[in-house]
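User: I'm new to this one. Can you put it up and walk me through a few spots?
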Amino acid sequence: RTLLIVIGSLIYSVGLNQFIVPVGLYNGGFLGIAQLIRHFMESWFGISFGNTNIAGILYFILNIPLLAVSVKRFGKEFLAKTIYCVCCYSLFVTVVPISDHLLVDEHLTACVAGGVICGIGAGMTLLSGGSGGGEEILGLLLMQKHSNLSVGKVSAILNIFIFGTCAVIFSISQAIYSVLFTGIVYYVLDKVHFQNIMLTMLIITKKQGLEKIIFEKVNRGVTKWNAYGAYRNEEREILMTVVSKSEFLQLRRLLLAADPEVFIIIEENVFVVGNFQKRVNL
């Protein structure tokens, strides 16, 4: 999983420094704050960083307080992975040079290309069981208590202040394109990060006791009722549960092993109200 962190943070840094920074756009979250600080250091103090994105180092400094808080909620293993993620982000954002020429000369194309690349990279770091820090830690903390929240949604709320600042300091069009870029990042991130995708599983089987697999392996509730197949009038059991996509991938294999004739219907991206917990797989 440490390889996922390295590759994910490298992909993110390439998308940011090659597509977004050259066209004068800003990231959301704590990295966006770091970019703004970098701008103020250049404009107010006349410090030139050339093609080096010093925002990577500033991002690490901003994360120190959040890293101290996260150990109380997620434990030492999560903290170790997150520190590793933050270090990789900070290193690659600083080391990967800012492109000295525009790879694409149109803002919308840069937003889409950079957003998809950065979203894939950020999602890969979350799949590692750690966090890229900043708003991702905040999102992971909140999604455990509020099932309708995700890392992407929490980050989007935080970004209102950041992009409002961009609109005042720079221009409205620059802020709008930055918002578009960040929205694409978080949309792709939520798709890559399987724990944010909720599925309804409808399981039809002749074999009794398959609900025990769901209880033991993912600890989710199950609704169960008896039914009959209309064609042969044979008795069936129908089980219904809601799981994350990562949990479904695990359950599918186990259910097929227990009953090769099981019939599973899934519906993706369901909205759940009630006693349902989004979890962080560490």
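User: Where is asparagine 219 found?
Analyst: Asparagine 219 is in the loop between α8 (211–218) and β2 (223–228). Helices (H or I, at least four residues) and strands (E, at least two) are DSSP runs, numbered from the N terminus. This is a predicted model: local features need pLDDT of at least 70, side-chain atom pairs count only at pLDDT 80 or more, and totals for chains, interfaces and linings use all residues. Residues are numbered from 1 along each chain as its sequence is written, and side-chain values use heavy atoms, with hydrogens and water left out.

User: What is the phi of asparagine 219?
Analyst: Near 55°, a positive value in a residue other than glycine. Most residues other than glycine have a negative phi.

User: And is asparagine 219 buried or exposed?
Analyst: Asparagine 219 counts as exposed, at 58% relative accessibility. Buried means under 20% relative accessible area, exposed over 50%, and partly exposed in between (1.4 Å probe, protein chains only).

User: What about asparagine 233, where does that lie?
Analyst: In the loop between β2 and β3 (235–244). Asparagine 233 has a positive phi of about 55° although it is not a glycine, and it is exposed, with a relative accessible area of 56%.

User: Step back a bit. How many helices and strands does the chain have?
Analyst: Nine helices and four strands. Along the sequence the pattern runs α-α-α-α-α-α-α-β-α-β-β-α-β.

User: How much of the chain is buried?
Analyst: Of its 282 residues, 49% count as buried.

User: Now glycine 121. Which helix is it in?
Analyst: Glycine 121 is in α4 (residues 107–127). This glycine is buried, with a relative accessible area of 0%.

User: What is glycine 121 in contact with?
Analyst: Leaving aside neighbours within four places in sequence, glycine 121 is in contact (heavy atoms within 4.5 Å) with Gly8, Ser9, Ile11, Tyr12 and Tyr89. Serine 9 is 112 residues away along the chain, yet the two C-alpha atoms are separated by 5.7 Å.

User: What share of the chain's contacts joins residues at least 24 apart?
Analyst: 77%, among contacts between residues at least 6 apart in sequence.

User: What lines the largest cavity?
Analyst: It has 15 lining residues, of which Tyr12, Asn27, Leu31, Glu135 and Glu136 lie nearest its centre. The elements giving two or more residues to that lining are α3 (55–95), α5 (135–143) and α7 (172–192). α7 gives the most, with five residues.

User: Last one: how many disulfides?
Analyst: Zero, where a disulfide is a pair of cysteine sulfur atoms within 2.5 Å. For cysteine 88, the nearest cysteine sulfur, that of cysteine 85, is 6.8 Å away. Cysteine 88 is buried, with a relative accessible area of 7%, and cysteine 118 is buried at 0%.

Note on methods: 1 Å grid on protein atoms, 1.4 Å probe; cavity = no way out; pocket = protein on both sides within 12 Å on 5 of 7 lines; lining within 4 Å.
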